[in-house]
Amino acid sequence: MPAQTKGSGNGKKSSSLSISEQDYKKVAKKHEPSRPILANCIKAFFVGGFICIIGQAIQEAFKAGFDMTSKEAASPTVAVMILISVILTCLGVYDKIAQWAGAGTAVPVTGFANSMCSAALEHRAEGLVLGVGANMFKLAGSVIVFGVVAAFIIGIIYAFLGVGGGHL
C-alpha cells in the first residue's frame, strides 16, 4: 500500500517525512552543546564552601562579641544568613551568583531564603495574600510539610527507643 500523502483524502501526512525517535535523539545529541561538568562542580564546591565560611565567620563574631556558646550563636547566625540572602536576592545579586555557581548557592538556609524571596518578588503585583503569600508558600509548603513529618517520625522512633530527653 502506498504511503498516504496530504492530499489523499484521509488527512494523514506522509509517513516518509517522519523521523524515528532514535534518529531524532542522534541529531539532537550531535547539536547539543557540551556541558563543562567538572568546572561546574568546582564552582559549586567553592561558592558553597564560601557561603559556609561566611556563616562560620558570623557565628564566630557572635561568640566573640556577645560571649555566646556555639549553640547560643547558631540561631542569630541563621537569621543573619537569611537576611543577607534576602537582601542579595532583592538587589538581583544572588541570582547572578546562582547562574554562575549553580548548585553551590543551594546551601539550605540561603538557597531556601532566596527561593522564598524570589517567589515573593515575582508575585507582589498580585497582592500580599493571593500574590506574595500564596505563591511564596507553593514552594515552601512542601519543604515545611516534609520537615514536620520527618521530625514527627523521628520523634516517635526516639520515644520508642528511649533515646533523647527522657520526658516519657
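## The main core

The largest nonpolar core has nine residues: Val47, Ile51, Ile58, Phe62, Ala73, Met81, Tyr94, Ala101 and Val107. A nonpolar core here is a set of buried Ala, Val, Leu, Ile, Met, Phe, Trp, Tyr and Cys residues joined through side-chain atoms within 4.5 Å. Buried means under 20% relative accessible area, exposed over 50%, and partly exposed in between (1.4 Å probe, protein chains only). Helices H2 (37-66), H3 (70-90) and H4 (93-101) each give two or more residues to this core, and H2 gives the most, with four.

There's also a second, separate core of five residues, among them Ala120, Val132, Met136 and Ala140.

## About the model

This is a predicted model: local features need pLDDT of at least 70, side-chain atom pairs count only at pLDDT 80 or more, and totals for chains, interfaces and linings use all residues. Residues are numbered from 1 along each chain as its sequence is written, and side-chain values use heavy atoms, leaving out hydrogens and water.

## The whole chain

You'll find six helices and zero strands in the chain (DSSP runs numbered from the N terminus: helices are H or I, at least four residues; strands are E, at least two). Of the chain's 168 residues, 20% count as buried.

## A pair of rings

Phe45 and Phe46 form an edge-to-face aromatic pair, 5.3 Å centre to centre with 80° between the planes. (Rings of Phe, Tyr and Trp, using its six-membered ring, pair if their centres lie within 6.5 Å; planes under 30 degrees apart are stacked, over 60 edge-to-face, the rest tilted.) Phe45 is exposed, at 60% relative accessible area, and Phe46 is exposed too, at 57%.
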